[in-house]
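Here is a friendly tour of a protein structure for you to follow on screen. Have the sequence and the 3D view ready as you read.

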Amino acid sequence: MAKSDLDRGSRAFTRKLKRYSIFSIARHAGNYHQEWQQAWSHAEPKTAYDAVIIGGGGHGLATAYYLANIYGMTNIALIEKGWLGGGNTGRNTTIIRSNYMWDESAAIYEHALKLWEGLSQDLNFNVMFSQRGVLTISHSEHELREMSRRVHAIRLNGIDSDMLSPAAIKKLVPMINIEPNIRYPVLGGFLQKRAGTARHDAVAWGYARAADELGVDIIQNCEVVGLRRNKDKIIGIETTKGNIKTPKVGCVVAGHSSVLADMANIKLPIASRPLQAIVSEPIKPILDTVIMSNAVHMYISQSDKGEMVLGAGVDKYNSYAQTGSWPIPEHMVAAAVDLFPFLSQLRMLRQWGGIVDICPDASPIISKTDIRGLYFNCGWGTGGFKATPGSGHIFADLIANDRPNSIALPYSLKRFETGFLIDEHGAAGVAH
Amino acid sequence: MLKIKCPYCGYRNESEFSCGGEAHIARPAVSNKITDSAFCEYLFMRENPKGVFLERWCHTSGCRRWFNIARDTVSHEIYEIYLMGNTPKTVKGKKAYQANWRRTSKAEAASKTPKRTKK
């Protein structure tokens with residue numbers, strides 16, 4: 001695995017007055033928290049920028065932040081058609097882990113996990129990253145054997161991963177039933193202790209605030225309607241707030257990647273599908289680990305508010321409607337009740353769907369294109385949230401240097417021609 | 001839940017069907033003669049429109065037969081259901097069929113068997 005260069009940057013928050021700290025909370029308590037500064041400003045587009053990032057989700061905001069912080073590109077803009085973090089950043093189950101089997105995936109997700117570990121300090125914003133552990137359980141001999149093979153591959157890449165016996169699982173998650181005579185007996189599992197969850201909105205807000213502090217123009221409610229080209233070179237973009245000249249455009253728009261690619265007349269191997277999740281009414285703390293099961297096909301965790309957060313596989317047909325089809329939540333709840341029967345007594349509070357961009361090999365595309373100055377960061381599919389800082393860090397490097405670094409190199413769009421796919425369909429924890 | 005009219009069985013719930021993705025992708029007949037990039041267009045590159053999409057469906061839990069649907073990916077409205085081997089007849093379906101970049105791709109051109117010429 002390539003040694004990752006963890007340059008986190010150190011330009012943000014040099015002005016101490018704007019820093020969040022226990023002292024600033026105490027100071028603002030004096031005037032009933034009425035005078036907090038605005039976290040980020042609402043910019044209107046200028047006529048030209050050194051680079052423009054399209055997409056104000058976690059990945060896009062992280063890209064803008066690292067471009068400004070590490071590469072000193074502060075004359076840049078981030079364009080978002082809705083509001084910050086209103087897409088998949090606000091529509092996931094907030095799980096973060098790096099236990100992927102292939103070397104290429106291990107490199108990128110572990111890079112992200114290392115950035116997560118210092119993210120709240122880097123951004124001076126509490127992203128509530130909680131390394132509560134992610135436990136994947138297995139229900140059959142075969143699954144257990146495959147799991148053990150996976151765990152050994154993951155450990156060889158220096159990523160923490162431990163096989164657990166049913167007794168050890170019971171100790172970790174007291175509410176789990178490990179009787180051998182139930183429909184889905186728990187035969188074992190594997191745990192990544194450094195994995196966990198984070199507050200998804202805080203990630204978007206933290207990056208936005210830090211990028212804004214460095215001078216990045218964050219432009220919301222501004223939809224890109226066209227890309228301007230001069231032969232094979234990008235020269236600007238057309239938006240609902242006017243035209244912007246720029247030599248570099250980074251597209252980080254997840255489910256809408258194909259729509260932008262159409263504007264540039266390039267092809268992507270992506271299918272846009274809804275991925276749904278549900279939360280229950282809040283209950284007292286019962287689960288302090290994330291639990292995934294491939295055979296039963298669901299993942300579950302408990303939020304800090306006490307809601308049980310459930311997720312499952314993607315919808316079976318392409319859609320841009322952020323709702324999802326009804327058989328999926330039904331299946332999701334049925335699977336959850338199979339595993340934890342007490343859940344049948346809970347009422348479900350909210351259901352939502354995000355449009356995820358699925359690649360044929362379930363791995364992302366972080367790539368230059370045939371058009372000079374046009375970069376794509378997409379195809380994260382069902383597992384993009386966990387990679388947010390790593391994705392932004394690497395994509396910023398690609399845009400600033402105009403060449404992929406060792407982590408980004410395998411994720412080129414060219415891999416679909418050469419056949420060097422990074423097949424991670426098995427890594428999702430559940431089959432998507 | 002979509003109500004899909006299987007051309008063989010009539011109206012059934014969406015859960016009886018499975019979706020096979022983009023329709024009308026022709027396999028290059030002379031694959032050894034086209035470039036990797038042209039073959040990649042056939043194998044991996046996909047039309048993924050926000051709007052009318054022509055896709056294949058299979059009535060998996062019923063007659064197990066395949067057919068095509070012209071469907072809007074935003075409203076999920078089904079405009080047309082037509083048999084395998086046919087092309088869409090509605091205005092929206094026809095437009096989506098013609099507008100697809102695949103119609104002019106090298107892979108699709110290579111899918112047609114070359115006409116025999118007199119020696």
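A residue counts as buried when its relative accessible area is under 20%, as exposed when that value is over 50%, and as partly exposed in between. Arg228(A) has 37% relative accessibility, so Arg228(A) counts as partly exposed. Keep in mind that this is a predicted model.

**Two domains in chain A**

- Chain A is divided into domain 1, made of residues 51–125, 200–269 and 361–428, and domain 2, made of residues 134–195 and 272–358.
- Between the C-alpha centres of these two domains of chain A there are 27 Å.

**Where chain B meets chain A**

- The contact is built from 24 residues of chain B and 23 residues of chain A.
- These two chains bury about 2200 Å² between them, and 59% of this area is on carbon and sulfur atoms.
- Phe44(B), Asn48(B) and Lys50(B) are the residues of chain B that lose the most area to chain A, together 31% of what that side buries.
- Chain B and chain A share 1 salt bridge. Lys267(A) pairs with Glu41(B) in a salt bridge whose closest N and O atoms are 3.4 Å apart.
- Polar contacts across the interface of chain B and chain A link 15 residue pairs.
- Strand 3 (18–22), helix 1 (36–43) and strand 4 (52–58) of chain B each give two or more residues to the side that touches chain A. Helix 1 of chain B gives the most, with 4 residues.
- That side of chain B has 12 nonpolar, 6 polar and 6 charged residues.

**Salt bridges to look for**

- Side chains of opposite charge can pair when their charged atoms come close.
- Over all chains, the count is 23 salt bridges.
- Arg132(A) and Asp304(A) form one with an N to O distance of 3.2 Å. Arg132(A) is in the loop between helix 4 (119–123) and strand 4 (134–138) of chain A, and Asp304(A) is in the loop between strand 15 (298–302) and strand 16 (308–314) of chain A, so the pair ties together parts 172 residues apart in sequence.
- Is Asp304(A) buried or exposed? Asp304(A) counts as exposed because its relative accessibility is 60%.
- Glu238(A) and Arg228(A) meet in a salt bridge at 3.0 Å, N to O. Glu238(A) lies in strand 10 (residues 233–239) and Arg228(A) in strand 9 (residues 224–230) of chain A.
- Asp361(A) and Arg415(A) also form a salt bridge, at 2.7 Å. Asp361(A) counts as buried at 1% relative accessibility, and Arg415(A) counts as buried at 3%.
- Glu110(A), Lys114(A), Glu117(A), Asp160(A) and Arg194(A) are linked in a salt-bridge network.

**Two buried residues in loops**

- Thr93(A) sits in the loop between strand 2 (76–79) and strand 3 of chain A, and its relative accessibility of 11% makes Thr93(A) count as buried.
- Among the residues in contact with Thr93(A) are Ala277(A), Tyr299(A) and Val309(A).
- Arg103(B) belongs to the loop between helix 2 (91–99) and helix 3 (106–109) of chain B, and Arg103(B) counts as buried at 17% relative accessibility.
- Residues that Arg103(B) touches include His24(B) and Glu108(B).

How values were computed. Residues are numbered from 1 along each chain as its sequence is written. Chains are lettered from A and ligands numbered from 1 in the order in which they are written. This is a predicted model: local features need pLDDT of at least 70, side-chain atom pairs count only at pLDDT 80 or more; totals for chains, interfaces and linings use all residues. Side-chain values use heavy atoms; hydrogens and water are left out. Domain bounds come from an automatic or database domain assignment. Buried means under 20% relative accessible area, exposed over 50%, partly exposed in between (1.4 Å probe, protein chains only). Contact means heavy atoms within 4.5 Å. Buried area is the accessible area (1.4 Å probe) that two parts lose on being put together, summed over both. A salt bridge is a side-chain nitrogen of Lys or Arg within 4 Å of a carboxyl oxygen of Asp or Glu. A polar contact is a pair of N or O atoms within 3.5 Å; within protein, one must be able to donate a hydrogen and the other to accept it, and residues adjacent in sequence count only if both atoms are side-chain atoms. Ala, Val, Leu, Ile, Met, Phe, Trp, Tyr, Cys and Pro count as nonpolar, Asp, Glu, Lys and Arg as charged, and the others, Gly among them, as polar. Lists of a residue's contacts leave out its neighbours within four places in sequence.
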